[in-house]
Amino acid sequence: MASELYNTIDALSREKGIDPQIVVTAVEDAIVMATRKYYKTQETLRAELDRETGKINAYAVRTVVETPEQVEDPLLQIALEDARKADPSLEIGGELRIPKATEGILGRIAAQLAKQVIFQKVREAERDTVYNEYIGRVGEVVNATVKRIEGPDVIFDIGKAEARMPRKEQSRLESFAIGERVRVVIARVEKASKGPGVVVSRAIPELVQHLFQTEVPEIYDGTVVIRAVAREAGERTKIAVMSKDKDVDAVGACVGMKGMRVQSIIRELHGEKIDIIEYHEDPVTFAEKALQPAKVSKVTVVDAAGKHLEVVVDDSQLSLAIGKKGQNVRLAAKLLGWKIDIKSEEEKRQEVEQQMSAMAPQTATPLETVPGLGEGLVEKLGEAGITTVEALADMTPEQLEAIEGIGPKTVEKISLAVNNYFASLEPGIAAEGEAGAEAEPAEQSSAAGDEAATEADAGESTTAGESELPQEQASSGESASEARASTADESEEQAGQSDEQPAAEAESTSETRE
């Protein structure tokens with residue numbers, strides 16, 4: 001029949017869920033420590049519990065050696081001859097147990113020490129039991145009851161042990177009341193000094209995955225597979241699903257009729273937004289889907305080995321693609337497992353222009369090669385740190401006027417000189433200039449030819465005039481005599497008319513007087 005002490009140990013073992021032998025070992029170790037403290041000895045001590053009587057016996061153990069000369073430590077070893085005086089059956093290598101009296105000599109201090117040792121051993125055994133129980137259940141969803149709240153942490157009762165939920169494992173949308181039952185995920189199990197460290201969470205993606213498996217039969221039976229989940233607890237979750245049956249729409253199965261299935265999950269997560277995306281093996285297509293609701297213009301694989309994508313969106317879609325505080329692109333990158341760089345079309349265009357300008361050969365032309373810039377002006381520009389034509393061309397009029405000794409008129413002179421210099425470098429303009437230079441001598445020669453022809457025509461007309469002169473003079477003489485005769489007749493008539501006018505005037509005067 002078992003003793004009362006052993007029955008107590010057995011009851012304690014069942015209460016803590018540990019092996020009774022662990023408690024028995026703890027009690028024996030406690031007696032050994034109390035005995036050592038009482039006797040103040042360095043001997044090897046052992047204790048044994050008699051289950052029938054409940055008595056705990058303590059022994060000093062010494063190893064048997066062949067001769068006294070081999071004894072190195074009398075407290076730990078004993079010669080064979082001396083050992084057989086106590087027990088004739090001992091052999092070399094055996095152990096001689098020497099009883100140590102414990103009854104009536106172990107006082108209150110020794111009992112208190114034994115109690116502390118027993119409690120410590122029991123706690124360690126309890127931690128090991130809980131650790132072995134839950135270490136294989138990491139990632140499993142369990143039902144838990146809120147037991148108490150300790151600062152930012154929430155303590156749950158998960159059955160055989162207590163679990164802790166730190167603040168970072170909680171959703172910002174959730175608050176808990178004592179006695180409330182919730183579903184939590186076993187995140188990890190730690191071996192802490194203050195009891196078993198089971199850490200549970202409601203912020204990891206496994207909770208959303210479990211809720212979809214519970215609410216969607218197609219996921220439970222394997223027709224629809226969840227390929228990836230990216231979550232920021234309390235904000236948004238993106239989940240990628242794929243159907244193994246071509247007749248089953250993966251996204252539609254998760255949404256449910258009128259959104260009933262996904263709405264049930266949203267209520268469980270206290271209003272957290274959920275994006276359900278169809279999975280694609282092609283990372284380019286998958287990236288376009290993952291960045292929804294933004295519309296993607298172009299996706300380019302920058303580095304397939306390094307899993308790097310570049311996404312170009314319209315300028316109006318850039319903020320939508322990035323999301324609030326970068327949330328949309330961050331979740332998309334987690335979902336794909338790729339690094340994503342998002343750029344607007346304007347940024348991409350500027351980047352391409354910079355790359356092309358970088359590829360173009362860079363030249364540095366000194367200012368002395370520009371005609372129109374005097375030595376003094378070149379010296380002033382050099383003092384300001386401007387020594388090349390390219391640097392001068394990149395400056396604005398305001399920047400030039402800021403240089404000491406340069407005014408608006410000088411700025412106009414500089415601008416004209418630089419423009420003329422670059423114009424002279426352009427092939428088309430240079431060719432036109434050469435053609436114009438070649439055309440000027442031709443025009444001059446043609447003009448000279450025209451002048452010579454004009455002079456020749458003038459000479460011919462003069463010669464012809466001289467040859468016809470006698471005839472013209474003869475005819476002109478006849479016409480001149482006729483002209484004189486007619487002139488004489490006209491003068492006579494005019495004289496007669498002038499004589500008649502005074503006579504008429506005289507007659508009219510006399511009549512007036514009368």
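Begin by selecting Pro 293, which sits in the loop between helix H9 and strand S13 (296–303); helices (H or I, at least four residues) and strands (E, at least two) are DSSP runs, numbered from the N terminus. The peptide bond that joins Gln 292 to Pro 293 is cis, with an omega of about 10°.

Before going on, note that this is a predicted model, in which local features need pLDDT of at least 70, side-chain atom pairs count only at pLDDT 80 or more, and totals for chains, interfaces and linings use all residues. Residues are numbered from 1 along each chain as its sequence is written, and side-chain values use heavy atoms, with hydrogens and water left out.

Next, select H9 (residues 283–290) together with H11 (residues 327–336), whose axes come within 9 Å and cross at roughly 145°; these axes are lines fitted to C-alpha atoms over the stretch in contact, and angles run from 0 to 180 degrees between N-to-C directions. Show the side chains, and you will find Pro 283, Phe 286, Ala 287 and Ala 290 of H9 meeting Asn 328, Ala 332, Leu 335 and Leu 336 of H11, where contact means heavy atoms within 4.5 Å. Seven of the residues in this contact are nonpolar, one is polar and none is charged.

Now move to Lys 258, in the loop between helix H7 (250–255) and helix H8 (260–268); Lys 258 is not a glycine, yet has a positive phi of about 55°.

Finally, colour the protein chain by pLDDT, the predictor's confidence in each residue, from 0 to 100. The chain averages 77, and 79% of the residues score at least 70. Where pLDDT is low, the predicted coordinates should not be read in detail.

How values were computed
Ala, Val, Leu, Ile, Met, Phe, Trp, Tyr, Cys and Pro count as nonpolar, Asp, Glu, Lys and Arg as charged, and the others, Gly among them, as polar.
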